[in-house]
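Trainee: I would like to go through this model with you. Can we take the labels one by one and check what stands behind each?

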Amino acid sequence: EALSSAPPSSPTPEEVHSAAQEREQVRQILGVLRELQAELLILRSSGLSYGELAAALGLNPTSVGTLLGRAQQAFRKEYLKQYGTR
């Protein structure tokens, strides 16, 4: 019974630091990308559909998938350039 009422375990200080470091790395990479690429990635990570992305950014709905793919590729390339493969 004591286990069911125990609060969920908190992240360790190392986990908190690691997560903060990852967020900062993502911010740095997004800052290097073209504005449209960064916007696409941010909005998609917020849960917007392709149609919603097209409407929000004034894009042709049929080109969203291609543009998003290019943005993801640019992000990966920049990540590897700055931080290696880890």
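Trainee: Why is Glu24 called partly exposed?
Mentor: Its relative accessible area is 36%. Buried means under 20%, exposed over 50%, and partly exposed lies in between (1.4 Å probe, protein chains only). So Glu24 falls in the middle class. Bear in mind that this is a predicted model: local features need pLDDT of at least 70, side-chain atom pairs count only at pLDDT 80 or more, and totals for chains, interfaces and linings use all residues. Residues are numbered from 1 along each chain as its sequence is written, and side-chain values use heavy atoms, with hydrogens and water left out.

Trainee: What makes Arg27 and Glu24 a salt bridge?
Mentor: The closest N and O atoms are 3.6 Å apart. The definition asks for a side-chain nitrogen of Lys or Arg within 4 Å of a carboxyl oxygen of Asp or Glu, so the pair qualifies. Both residues lie in helix H2 (residues 13-32), three residues apart, about one turn of the helix. Helices are DSSP runs (H or I, at least four residues), and strands are too (E, at least two), numbered from the N terminus.

Trainee: How many salt bridges does the structure hold?
Mentor: Two. Glu78 also forms one with Lys81, with the closest N and O atoms 3.9 Å apart. These residues are three apart in helix H5 (residues 64-83), so about one helical turn separates them.

Trainee: Are Glu78 and Lys81 buried or exposed?
Mentor: Glu78 has a relative accessible area of 12%, so Glu78 is buried. Lys81 has 65% relative accessibility, so Lys81 counts as exposed.

Trainee: What makes H3 roughly perpendicular to H5?
Mentor: The axes of helix H3 (residues 35-45) and H5 come within 9 Å and cross at roughly 100°. That makes H3 roughly perpendicular to H5. Angles of 65 to 115 degrees get that label; under 35 is roughly parallel, over 145 roughly antiparallel, and the rest oblique. Axes are lines fitted to C-alpha atoms, for helices over the stretch in contact, and angles run from 0 to 180 degrees between N-to-C directions.

Trainee: Which residues of H3 meet H5?
Mentor: Gln37, Leu40, Leu41 and Arg44 do. Their partners in H5 include Leu67, Ala71 and Phe75. Contact means heavy atoms within 4.5 Å.

Trainee: Why is Gln73 called exposed?
Mentor: The relative accessible area of Gln73 is 53%, so Gln73 is exposed. Gln73 sits in helix H5.
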